[in-house]
Amino acid sequence: MRGLTRTFALGLVLAFIATACTGGGTATPSATAAATASTSTRPKFDLATYQYSLQTKGKIRIGTQEDNTPFSVKNPATGKWDGFDVAYGREIAKAIFGESDDPDKFIEWVPVTSATRIPSLTDNKADVIIKTFTINEDRKKQIDFTDVYFRTGQRILVKKDNTSIKEAADLAGKTVCAQRGSTSEQNITKATTGAARPLLLDSYPACLLALQQGQADAVSTDETILFGLAKADPNTKIVGKYFSTELYGIGVKKSVGGDRTGFVDFLNRTQVGMITNGVWATLYEKYISPVSFDKKRTPDD
Amino acid sequence: MPGGIAFEFPQLYFTGLWVTIQISILGLLSALFIGTVVAVMRVSPFAPLRWIGAAYVEFYRNTPLVVQLFFLFLGLPLIGFRFSTDTFEHIFRAASIGMGVYHGAYVAEVVRGGLLGVDRGQIEAARSLGLSYLQMLRYVQLPQTFRSVIPPLGNIGIALVKNTSLASTIGVTELLFAAEIVESRTFRAEEAFLAATLLYLSLTIPLGIAVNTLERRMLVAR
């Protein structure tokens with residue numbers, strides 16, 4: 001009886017190993033088949049470049065935020081990503097993997113927050129970060145940025161009936177909500193020489209709630225994000241002039257030992273292409289114009 | 001030196017640590033108070049009190065602490081109630097009360113277990129000696145209960161100290177929050193969070209030792 005049990009157990013183990021081996025064996029040929037099928041439309045890259053290794057891997061990991069209208073939103077019902085940054089990411093995917101009706105099959109979306117943007121690059125959890133990512137000197141020490149793909153500035157969102165806050169200087173002594181770990185927080189401190197009282201939360205929708213409930217007197221961040229909030233709540237208004245210039249770039253891990261060779265240049269060339277062929281303007285018109293009521297052809301317009 | 005970054009930003013770290021300590025103490029005291037009251041309700045001879053006690057425990061134990069904190073922070077003002085007109089005072093009190101009501105549910109379960117563990121004969125003896133129900137609780141049942149539940153209460157206390165870090169989600173500038181600000185300014189993530197970890201340990205390890213000592217002192221021979 002005991003011998004029988006042992007034989008049975010051994011049989012199970014063998015069966016398991018066999019299945020595992022077959023599984024591994026069949027996976028390889030099908031992957032190769034898929035790769036050869038799309039070779040014809042795929043752009044050619046130098047073998048040393050990072051874009052080449054991404055192309056070979058068949059996936060690019062794009063880090064962006066789940067609730068950052070109008071730049072990136074993950075639809076909670078369908079799980080589909082949408083927004084300016086998201087569409088921009090899909091253009092990059094097309095530039096690497098070739099034209100496709102569904103570039104998402106080449107993309108792994110990595111949800112990030114303001115605070116996790118840099119760590120997700122340095123820890124190699126994402127290949128690019130496209131998330132209203134302001135280029136600044138401190139950050140440049142940690143990671144590389146592409147050329148500016150979006151230009152905006154910081155303004156202030158208040159309730160419609162608020163008449164006391166008109167400019168950044170009026171924020172002194174007021175409770176101002178901003179996202180933790182963002183440049184917005186530091187800009188508020190600078191513009192009011194530390195006289196504002198920053199309430200720092202994890203996302204701007206939470207800040208909007210705090211404003212609605214009277215827990216914050218104002219929300220202050222990049223105008224484009226405020227557009228999204230003002231659209232969500234018609235009882236709010238955007239006031240003041242720009243009190244900072246925010247230049248967004250795409251974040252990429254620094255090339256250590258050549259592991260990101262040519263990648264930033266490639267992204268910059270892709271952007272030049274998107275501006276020349278009007279794709280950038282189309283994205284702006286689709287995602288930003290509905291809230292900003294203007295049109296731009298290039299980031300510098 | 002590991003955690004040395006705390007001395008580069010003492011204003012952030014040590015103010016944060018102090019806020020963590022304050023929320024922990026206020027939270028612990030209110031959790032003990034709420035938990036004891038609810039536990040007594042749950043073993044009371046009067047059925048509706050038992051139901052209220054059970055409902056309290058089930059509600060607060062089965063909803064996430066972050067959700068409860070957000071409710072106290074932004075939900076209550078929606079129905080016209082706030083702990084203070086000052087936002088920062090409001091979030092501080094919301095965090096302390098949130099710690100109290102949430103961990104109070106756990107304390108209630110532990111204390112209830114202790115109450116039920118007291119020998120039935122003692123309770124009957126107390127009642128037949130002419131002690132009222134409340135007197136019996138006060139002089140017979142509760143003192144024995146607290147001696148026996150010190151170790152599990154210690155666990156809840158330690159969990160509470162660590163859970164105060166969730167107060168950062170509603171904007172309270174406690175220890176974890178301080179570490180996140182330092183991280184976002186210096187990008188020295190490992191150092192920033194290591195310092196916070198060491199400071200949390202400086203609270204929880206002594207607390208654990210204190211609980212063990214107390215347990216030995218209060219030990220009853222049975």
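Predicted model: local features only at pLDDT ≥ 70, side-chain atom pairs only at ≥ 80, totals over all residues.
How many helices and how many strands does chain A have?

Figure 1. Chain A has 10 helices and 14 strands, and of its 301 residues 41% are buried. When contacts in chain A between residues at least 6 apart in sequence are considered, 67% of them join residues at least 24 apart.

**Figure 2. The two assigned domains of chain A and the contact between them.** The domain assignment of chain A divides it into domain 1, made of the segments 50–149 and 249–292, and domain 2, which covers 152–247. The centres of domain 1 and domain 2 of chain A, taken over C-alpha atoms, are separated by 26 Å, and 16 residues of domain 1 of chain A are in contact with 16 residues of domain 2 of chain A. On the side of domain 1 of chain A that touches domain 2 of chain A, the elements that give two or more residues are strand 2 and helix 10 (279–292) of chain A, and helix 10 of chain A gives the most, with three residues. By class, this side of domain 1 of chain A has six nonpolar, nine polar and one charged residues.

**Figure 3. An open sheet of three strands in chain A.** The strands of this open sheet in chain A follow the order 2-3-4, and their pairing is antiparallel. Strand 2 (67–68) and strand 4 (81–82) of chain A stand at the edges, and because each has a single partner strand, one side of each is left without a neighbour in the sheet. Strand 3 (residues 72–74) of chain A runs antiparallel to strand 4 of chain A, to which two bridges join it, and within this region of the sheet A:Lys74 stands opposite A:Trp81 in strand 4 of chain A.

**Figure 4. The crossing of helix 3 and helix 9 of chain A.** Two packed helices are described by the angle between their axes and the distance between the axes. For helix 3 (residues 84–97) and helix 9 (residues 263–276) of chain A, the axes come within 11 Å and cross at roughly 110 degrees, which means that helix 3 of chain A is roughly perpendicular to helix 9 of chain A. Helix 3 of chain A contributes A:Glu91, A:Ile92 and A:Ala95 to the contact, while helix 9 of chain A contributes A:Leu267, A:Thr270 and A:Met274. By class, the contact of helix 3 with helix 9 of chain A has four nonpolar, one polar and one charged residues.

Key:
Residues numbered from 1 in each chain as written. Chains lettered and ligands numbered in written order. Pairing = 2+ DSSP bridges. Helix = DSSP H or I, 4+ residues; strand = E, 2+ residues; numbered from the N terminus. Buried ≥ 20, exposed ≤ 12 C-beta atoms within 10 Å, placed from the backbone. Contact = placed C-beta atoms within 7 Å. Domains from an automatic or database assignment. Nonpolar A, V, L, I, M, F, W, Y, C, P; charged D, E, K, R; others polar. Axes fitted to C-alpha atoms, helices over the stretch in contact; angles between N-to-C directions. Parallel < 35°, antiparallel > 145°, perpendicular 65-115°, else oblique.
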